[in-house]
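Q: How do I read the packing of helices and strands in a model like this one? Please take me through it step by step.

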Amino acid sequence: LVKERPSHKEVLGFFKNVVTEQYTIRSKVKTAPVEINKEDSKVKMMEGFPLIEKRALSLDVPSATRLFKRLCKIMSHNKKASQDAERIIQALKNKEVDLLELFKQGDSNNKEYVNALAKKLKVKEDVLSFLAINSIKPVFEAYANELKDYVDQESWWRGYCPICGSEPLMAEFREEGARFLVCSSCGYDWRFNRLKCPFCENDNHEKLRYFYAEKEGKAYRVDVCEKCKRYIKTVDTNEVGEVIPPLEDVGTLHLDVLAQQEGYSREGAASGLKVNA
């Protein structure tokens with residue numbers, strides 16, 4: 001990706017370190033048993049209810065805390081975020097941050113809580129939110145790995161994750177043009193209609209379109225909906241091979257800029273990264 005997009009070298013290098021730490025910690029995450037009845041799970045799938053509620057899960061706080069501290073250290077080497085990272089590290093030492101509460105509120109997108117804590121610590125809200133969301137992501141990924149066999153793909157053609165109910169981060173085209181959505185929270189991927197908006201379920205092809213950067217071709221594109229004015233980025237794995245969605249997301253920031261300049265929005269991007277068009 002860095003070779004293909006040298007202008008993204010700095011941000012890709014940063015996210016490479018973030019993703020590496022997440023992968024390292026994920027193998028050590030401890031999950032609590034989740035009791036799911038196979039018959040009940042089938043009913044949930046049919047009626048459109050995800051298998052679990054994230055807020056009801058037991059979080060591996062020690063693992064998330066270790067990752068939070070490692071991400072702070074990575075961020076301390078970033079020119080734009082180093083000052084905030086140092087303040088957060090000091091706040092942890094002074095026991096001014098309740099990480100369990102931050103993890104819960106950050107994931108539930110409680111902006112008031114995160115904003116109040118950011119003001120107290122004198123750091124940017126985006127930085128604090130990014131750290132919280134990305135610190136607990138491996139925990140949800142671990143649960144998704146254990147629960148994936150309960151998903152009935154044939155009865156689930158919805159725009160939100162069948163495991164945790166979160167919105168998709170990106171979409172992928174795979175063999176024979178099949179479209180898959182990748183969860184922004186737990187990383188699970190599921191099949192979805194090729195001509196349908198995952199956010200408002202609009203399937204009127206006249207109000208759905210896509211565009212791409214001519215230099216790259218159609219391997220990377222942006223699917224937009226004229227009804228809800230939202231967009232999702234799509235990568236064709238038949239063209240580029242296997243991908244790591246969080247890195248592909250960062251490696252296509254130029255497409256976010258183009259989409260937002262055209263008036264489309266991307267609410268609640270899971271990476272916590274915002275693009276100012």
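**Helix contact, then the sheet**

A: Start with side chains that meet. This is a predicted model. Val61, Ala64, Thr65 and Phe68 in α3 meet Leu99, Leu100, Leu102 and Phe103 in α5.

Q: What is the make-up of the contact of α3 with α5 by class?
A: Seven residues are nonpolar and one is polar. None is charged.

Q: How are α3 and α5 oriented to each other, parallel or perpendicular?
A: Look at the crossing angle of the axes. Values from 65 to 115 degrees count as roughly perpendicular. The axes of α3 (residues 61-75) and α5 (residues 99-107) cross at roughly 85°. The two helices are therefore roughly perpendicular. Their axes come within 10 Å.

Q: Now the sheet. How do strands pair?
A: Strands of a sheet pair through backbone hydrogen bonds, in a parallel or an antiparallel sense. Here, six strands form an open sheet with mixed pairing. Read the order as β3-β2-β1-β6-β5-β4.

Q: Which are the edge strands?
A: Look for strands that pair on one side only. They are β3 (189-192) and β4 (208-211). From one strand to the next, the twist averages 30°.

Q: In which sense do β4 and β5 pair, parallel or antiparallel?
A: β4 pairs with β5 (residues 220-225) in the antiparallel sense, over four bridges.

Q: Which strands does helix α10 touch?
A: Helix α10 (residues 253-261) packs on the sheet and touches β4, β5 and β6 (231-236). The direction of α10 makes about 145° with that of β6.

Conventions: Residues are numbered from 1 along each chain as its sequence is written. This is a predicted model: local features need pLDDT of at least 70, side-chain atom pairs count only at pLDDT 80 or more; totals for chains, interfaces and linings use all residues. Side-chain values use heavy atoms; hydrogens and water are left out. Two strands pair if DSSP finds at least two bridges between them. Axes are lines fitted to C-alpha atoms, for helices over the stretch in contact, and angles run from 0 to 180 degrees between N-to-C directions. Contact means heavy atoms within 4.5 Å. Angles under 35 degrees count as roughly parallel, over 145 as roughly antiparallel, 65 to 115 as roughly perpendicular and the rest as oblique. Ala, Val, Leu, Ile, Met, Phe, Trp, Tyr, Cys and Pro count as nonpolar, Asp, Glu, Lys and Arg as charged, and the others, Gly among them, as polar.
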